[in-house]
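Dear colleague,

Please find below the structure that I promised to hand over, followed by notes on what was found in it. I would be glad if you could read the notes with the model open beside them.

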Amino acid sequence: MKLTVMQFVSLDGVCQGPGAPDEDTTDGFGRGGWLVPFVDERFLEIVTGWTCRAGAFLFGRRTYEAFSRDWPTSTDPDDPVATRLNGLPKYVASTTLHEAGWAPSTILAGDVEGRVAELRARPGPELQVHGSARLAASLLAAGLVDELRLAVAPVVVGAGRRFFRDDDAAAAYRAVDHETTPSGVALLTYEPAGAAAYGRIDVT
């Protein structure tokens, strides 16, 4: 399976609470819902297209709990995102979660990176990580991510959890695809390209 990471971020790199004021108020975050003003028809088409490539989903605990609360209530058989999220296999990386009632779900405990590597080695469509920023960062660091898809909203949130952190290892990426929606969201697709390179621009 190709392991892909999908992440919504602001111009200043915030990934926390893009969809609603109460989506994620961890550490007193009160600026949730910053992506919503920029969601237009083309944005939904692209994100739906991304999701339709999935053969299974991989979540961190917090994202899994939010998705498992909200998505089972969406039962429209013509909604391709809800149909896939509710019907396809789901894996949740957690050392504290003991039950995963959003069927079909499997809890990955212990050596999460090893278990993910096993899943990634299986044949089939994409294994997709939605949100789950801490998990996604650890998988990037472990070299397990095949493709990174960012939706960058034209807004500076100014506070909140950031996707790329100050202590992340330097890395290079290769641009694969890009599009900007009418509302200004940049949809960017990258492949990991090894270690970051450095140089100097000489002014003559």
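Helices (H or I, at least four residues) and strands (E, at least two) are DSSP runs, numbered from the N terminus. This is a predicted model, in which local features need pLDDT of at least 70 and side-chain atom pairs count only at pLDDT 80 or more, whereas totals for chains, interfaces and linings use all residues. Residues are numbered from 1 along each chain as its sequence is written, and side-chain values use heavy atoms, with hydrogens and water left out.

I begin with the pockets. On a 1 Å grid over the protein atoms alone, a pocket is an open set of points where a 1.4 Å probe fits, with protein on both sides within 12 Å along at least five of seven lines, and its lining residues have an atom within 4 Å of a point. Grid points are joined across faces, edges and corners, and a volume is the space filled by probe spheres set on the points. The largest pocket has a volume of about 1,400 Å³, and of the 45 residues that line it, Glu23, Thr63, Phe67, His130 and Gly131 are the closest to its centre. With 7 residues, α2 gives the most to this lining, while β1, α1, α2 (61-70), α3 (80-87) and α5 each supply at least two. The lining of the largest pocket divides into 20 nonpolar, 15 polar and 10 charged residues, where Ala, Val, Leu, Ile, Met, Phe, Trp, Tyr, Cys and Pro count as nonpolar, Asp, Glu, Lys and Arg as charged, and the others, Gly among them, as polar.

The second largest pocket has a volume of about 320 Å³; 15 residues line it, and Leu140, Ala141, Ala169, Ala171 and Tyr173 lie nearest its centre. Its lining has 12 nonpolar, 2 polar and 1 charged residues, and the largest share, 3 residues, comes from α5.

Next comes the interior. A nonpolar core is a set of buried Ala, Val, Leu, Ile, Met, Phe, Trp, Tyr and Cys residues joined through side-chain atoms within 4.5 Å, with buried meaning under 20% relative accessible area, exposed over 50%, and partly exposed in between (1.4 Å probe, protein chains only). The largest such core has 28 residues, of which Leu3, Leu58, Val116, Leu127, Leu139 and Phe163 touch the most other members. The most residues in this core, 5, come from α5. A second, separate core of 15 residues includes Phe29, Trp34, Ala151 and Leu187.

Most residues other than glycine have a negative phi, and most peptide bonds are trans. Ala103 and Pro104, however, are joined by a cis peptide bond with omega about -10°, and Pro104 is found in the loop between β3 and β4 (105-108). Asp27, in the loop between β1 and α1 (41-51), has a positive phi of about 60° and is exposed, at 76% relative accessible area. Ser132, in the loop between β5 and α5, has a positive phi near 50° but is buried, at 7%.

Asp24 also lies in the loop between β1 and α1 and is buried, at 10%. Its side chain makes polar contacts (N or O atoms within 3.5 Å, one able to donate a hydrogen and the other to accept it, with residues adjacent in sequence counted only if both atoms are side-chain atoms) with the side chains of Thr26, at 2.5 Å, and Arg161, at 3.2 Å.

With best wishes
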